[in-house]
Amino acid sequence: MIRLLPRIRSGRVRWGVVLVLFLFAALIPPLAGLNENLNPDSSARFQIFLGTSALVLALWAVSYNLMLGYTGMVSFAHAAYYGVGAYAVALIFKRYHLPILVGLAAAPFAAAAVGLVTGLVAQRAVRLYFSLLTLAISQVLFSIAFTWYDVTGGDNGISINLPDQLNDYTTLYYFTAAVVGVCLLLMFMLVRSPFGAALLSIRENRQRSAAIGINVRAYELAVYTVAAMFAGVAGGLFVMYQQQAYPETLYWTANAQPVVVSLLGGTTTFLGPAIGAFIYVVLDNSISKQFPYQFDIILGAIVLAVVLAVPGGISDVPSVFLRLRERFRRGEEAEAPPLESAGEAIQMFDVRKALASEAIATEEVHSDQTLLRIEHVSRSFGGLRAVDDVSLEVKQGDRHAIIGPNGAGKSTLFNLLTGQLKPSSGKVIFDGRDITGKPPHVIARTGIGRAFQITMIFPKLTVRQNLQFAMLAHGGYTVRPFGIANRMFSAQAQELAEAVGLGAWADLPAGQLSHGDQRAIEIAISLALGSKLVLLDEPTAGMSAYETDKAMELVRRLATERHLTLLFCEHDMSVVFSTARTVTVMHQGRVLTAGTPEQIRRNPDVQKVYLGELEQEELGA
Amino acid sequence: MTPAELLLFTVGGLAYAAYLFIVAAGLSLVFGALRVINMAHGSLYMVAAFVTVVVANQLGAGLGFWAGLLVAVAITGAIGGIIEVLVLRRVYGREHLIQLLGTYAVSLVVAGGVRIVFGANYRTVASPIPGHISIGGFDYATYSFFMIAAALVIAAGVWAMLYRTNLGRNIRAAVADPDLLNSTGVNVTRLYTTVFVIGAALAGLGGAIVAPSQAIGSSIDTDVLVLAFAISVIGGLGSIIGSAVGALIVGMVISFGILIPRTSPFALAFVFIIMTAVLIVRPRGLFGLPEN
């Protein structure tokens, strides 16, 4: 199934579907006319009106899905920006007597301005609380529209009469279609661009995104504002065909429409919500005509069915269908996808390819120079000093291990270096720059790549995309709202994937790989383009002895021959002593001692610390 | 403002706070234990209000209201159980959006059902505790004081349930770490159902108690839901004390908000401006729990 899906979705079939959709949209007015001739009961004007409303809903829903599907944000304020656009058009046309197209041109700017300001407020919170904050914002905007009689006309709203040129249903339909088409094209370019890649990374894993150099909050605010802008256009078009702006469009429950529509059509594809909009309008019209009271129940049942059975929406139906067919054909066992990795990557680590890979940094190295200097860094949690006055230096080209028993403060120290935590006191200097307390994305951009102890990858993106997006972010390309992200760094990413033995699985979603293979991605991300210092937090956690050897051999040879500087912590002493040139021992948050592996091995204090831990473990067990 | 006027608005605010607390406490309790925002909470409240009105009007004011209240709470509790078993169990641990959409779909079904069964007209029911008390030249409905007393009793009851019973101990443990609780032999699945039924019953209790004090129509579900959200967020989702404090704040703001002339653009917005302000200063609300 996994093998079949990308083929079905990709290439000509996909563009064929798009073409059919656009032809259908273009042919609605003549089809409606034909229908009226054949069937005297139906009204062409009404059907064209419905078509116009479906187009506007499509634009609104696709703009919502920029946040929902591409970035993973749930907003209850999107209807408010739609409403701002609607009022902007109505006010400019009615009160200031300017041409309606001036109003339509101003609508996106008004909505974006309100979106930017309120988005800054909403960003004080994350996830669920972010959603609830947008709910509050939306209700404030609704209240203003509802009660500010002098400007908004209060609960009466503002009615307008369209100028004659646009007062014809067919003309208005094509005008709307043209505007919606341009907006969809702009948004499509956006989601394919490196900027869109950053959004996808954020949806998949916020913490990993920051660790490859993406300023998560800035991108979230940007997409929130852009979505508000397109919602403003949709709201402006709404006023044109509805000839009225009224406060209910801003009420928080109005957000259900774009959400339901996105869900019906599928949030994982660009045009899914647009398809959903047409389905919704048809359903709404046919059901509410026949069962005026049951519409809510039927809609609720459909949404429930989609949520429980087909979380990906209509565009996911092919995969559900395929899964069912597989099951009928070969019984229950067919559940397992035929193409899946089984932890072979590390065995296939290709040191030669890795050494030739362009994607891994190479710079002249002066091994006498300090790359990273930590000066008296401390961090306490409540009364506990997890890291206590730690100072250490990492020379360029060094392979520096930090060891110590559990709770020694190794992971906390790493989090202080990469910005997940801020030091209570002390300084961190990297490559001549003071990076103390800087946010993770800034630190990542200065050239520190990190492999986390817990696997931190982008599970629904392909292996290649995982590496590509890391390279895009490291290189600072993700600010670009143009270009095609999937075509950038594609060769380098493939090369790197092959070097870590994942070449054959480069097109699989990373989350489908086995644990060991995901560790390989984790290591590869930390190696990807531009990391002068590679931080490995227990890189071989959960690996077999053989895998550990292979992985560390790769890391060691890369470090030697491609001039990477390594800082890693590890429990496996054989790994430490075979890889490290310098070892720092931490105990209870402090640096116990530092030296060459040989010095450390013979140090009686170190032996006592480890022996002490063993005794405690035995006593505790 | 004279002291008598001050008292008038204060009692009005307490009456709002009373029924809003009952509803918000249910929402917050469910969120605390199940980590699910129940979008159908307002719909359960609406069902209970309609059931109470219909039963009370059938059996006659007075005793009929109390019978209606019991029936309403039983029905909403039962609907809650069905929702938990059929829908929520399949969405635990999934993204917030899926949970929101799942319960939103339920709210559509329930609200649609209410419209079919009870129609679109507003309904009213006579107060089971009629009469007025006159203080300082203003008349106060005796029922307002009953609502305030009922909220206090329910607050005490919820508190006792959480801190004085085995069930409450398990609920608090589930809030902290459901997996650990499960491994100690507690049936967490059944516990979740119980919590959700209690939450739904609280929504029902709020709807039943509010019925004699206002006209009951088919849009009261979203109106109360958004206020319950505001209260639980101001107080901190998952905290019962927070719900009480939040309900007091929101009740007072609504009551004293009447003093502001309606032409002011912010007359209705105050509750949400406060909600925004609280979240900006304390992103988890006044008494909020950290998100797992």
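Student: Before that, what kind of model is it?

Tutor: It is a predicted model. The predictor gives the complex an ipTM of 0.87 and a pTM of 0.88. For chain B, the mean pLDDT is 89, and 96% of the residues reach 70 or more.

Student: OK, chain B. How many helices and strands does it have?

Tutor: Chain B has eleven helices and two strands. Reading from the N terminus, the order is α-α-α-α-β-β-α-α-α-α-α-α-α.

Student: And how compact is chain B?

Tutor: Its radius of gyration is 19 Å, close to the 19 Å that the globule rule gives for 292 residues, so chain B is as compact as a globular protein of that length. Its C-alpha atoms fill a box of roughly 60 × 45 × 35 Å along the principal axes.

Student: What share of chain B is buried?

Tutor: Buried residues account for 50% of the 292 residues in chain B. As for how the chain folds back on itself, take the contacts between residues at least 6 apart in sequence: 77% of them join residues at least 24 apart.

Student: Now the core. Which residues have the most contacts inside the largest nonpolar core?

Tutor: Those are Leu59(A), Leu20(B) and Ala230(B), in a core of 294 residues. Helix H1 of chain B, residues 3–34, gives the most to this core, with 18 residues. The core also draws at least three residues from each of domain 1 (16–319) and domain 2 (346–620) of chain A.

Student: What does Leu20(B) touch?

Tutor: Leaving aside residues up to four places away in sequence, Leu20(B) touches Leu227(B), Ala228(B), Ile231(B), Ala247(B), Val250(B) and Gly251(B).

Student: Nice. How many residues of chain B are in contact with chain A?

Tutor: 41 residues of chain B are in contact with 39 residues of chain A. On the chain B side, helices H4 (96–118), H9 (220–235) and H11 (270–281) each supply at least two residues. H4(B) has the largest share of that side, 16 residues.

Student: What classes of residue make up that side of chain B?

Tutor: The side of chain B that touches chain A has 28 nonpolar, eight polar and five charged residues.

Student: Switching to chain A, how far apart are the centres of its two domains?

Tutor: The centres of domain 1 and domain 2 of chain A are 44 Å apart, taken over C-alpha atoms. Their contact takes 22 residues from domain 1 and 28 residues from domain 2.

Student: Which elements does domain 1 use there?

Tutor: Helices H8 (169–192), H9 (194–204) and H10 (206–211) of chain A each give two or more residues to the side of domain 1 that touches domain 2. H9(A) gives the most, with eight residues. By class, that side of domain 1 has twelve nonpolar, seven polar and three charged residues.

Student: One last thing: which residues of H20 in chain A are buried?

Tutor: In H20(A), residues 490–499, the buried ones are Ala493(A), Gln494(A), Glu495(A), Leu496(A), Ala497(A) and Ala499(A). What covers them includes helices H16 (351–356), H19 (463–474) and H21 (515–527) of chain A.

Student: And what comes just after H20(A)?

Tutor: Just after H20(A), Gly501(A) takes a positive phi of about 80 degrees.

Note on methods:
Residues numbered from 1 in each chain as written. Chains lettered and ligands numbered in written order. Predicted model: local features only at pLDDT ≥ 70, side-chain atom pairs only at ≥ 80, totals over all residues. pLDDT = per-residue confidence, 0-100. Helix = DSSP H or I, 4+ residues; strand = E, 2+ residues; numbered from the N terminus. Rg over C-alpha atoms; globule rule 2.2 N^0.38 Å. Buried ≥ 20, exposed ≤ 12 C-beta atoms within 10 Å, placed from the backbone. Contact = placed C-beta atoms within 7 Å. Core = buried A, V, L, I, M, F, W, Y, C linked by C-beta atoms within 7 Å. Domains from an automatic or database assignment. Nonpolar A, V, L, I, M, F, W, Y, C, P; charged D, E, K, R; others polar.
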